[in-house]
Amino acid sequence: SGKVLLAVGLVLVLQLIFTYAPFMETFFDTRPISATMWLAILAVGLSMLMLLELEKWLMGRWRSRNGG
């Protein structure tokens, strides 16, 4: 859905501002995230997405076989 993608994009932009904008670093005492950490974050997120999609697929198959 277009609205969902817009919301996800907005959250991503706000997260980047929170993490990298100098005034936010000063106010919240944050530090930039390294490329290695970004890769780790993406790997965990994609792994969770794949596991949840597998669960949905398995539950759909189970329900269709059990008449549910």
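Is Leu51 buried or exposed? Select Leu51 to find out: Leu51 is exposed, at 53% relative accessibility. The cut-offs are under 20% relative accessible area for buried, over 50% for exposed, and partly exposed in between, with a 1.4 Å probe and protein chains only.

**Before you go on**

This is a predicted model, in which local features need pLDDT of at least 70, side-chain atom pairs count only at pLDDT 80 or more, and totals for chains, interfaces and linings use all residues. Residues are numbered from 1 along each chain as its sequence is written, and side-chain values use heavy atoms, with hydrogens and water left out.

Colour by pLDDT, the predictor's confidence in each residue, from 0 to 100. The chain average is 92, and 99% of the residues score at least 70. Confidence is lowest in α2, with a mean of 88, and highest in α3, at 95. Helices are DSSP runs of H or I with at least four residues, strands are runs of E with at least two, and numbering starts from the N terminus.

**Stop 1: the patch on the surface**

Stay with Leu51, which sits in helix α3.

**Stop 2: the salt bridges**

Select Glu53 and Lys56. They form a salt bridge, with the closest N and O atoms 3.0 Å apart. The term requires a side-chain nitrogen of Lys or Arg within 4 Å of a carboxyl oxygen of Asp or Glu. Glu53 and Lys56 are three residues apart in helix α3, so about one helical turn separates them. Glu53 is partly exposed at 39% relative accessibility, while Lys56 is exposed at 53%.

How many salt bridges does a search of the whole structure find? The count is two. For the other bridge, select Asp29 and Arg31: their closest N and O atoms are 2.9 Å apart. Asp29 is exposed, with a relative accessible area of 53%. Arg31 is exposed too, at 57%.

**Stop 3: the loop**

Move to Thr30, in the loop between α2 and α3 (35-65). Thr30 is buried, at 14% relative accessibility. Show its contacts, meaning heavy atoms within 4.5 Å. Leaving out residues up to four places away in sequence, Thr30 touches Phe18, Thr19, Met24 and Glu25.

**Stop 4: the aromatic cluster**

Rings of Phe, Tyr and Trp (its six-membered ring) pair if their centres lie within 6.5 Å; planes under 30 degrees apart are stacked, over 60 edge-to-face, and the rest tilted. This rule gives two aromatic pairs. Select Phe18 and Phe28, a tilted pair at 4.9 Å centre to centre with 50° between the planes. Phe18 lies in helix α1 (residues 2-20) and Phe28 in helix α2 (residues 22-28), so this pair ties together parts ten residues apart in sequence.

Phe27 and Phe28 pair edge-to-face, 4.8 Å centre to centre and 90° between the planes. Phe27 is exposed, at 65% relative accessibility. Show Phe18, Phe27 and Phe28 together: ring pairs link them into a cluster.
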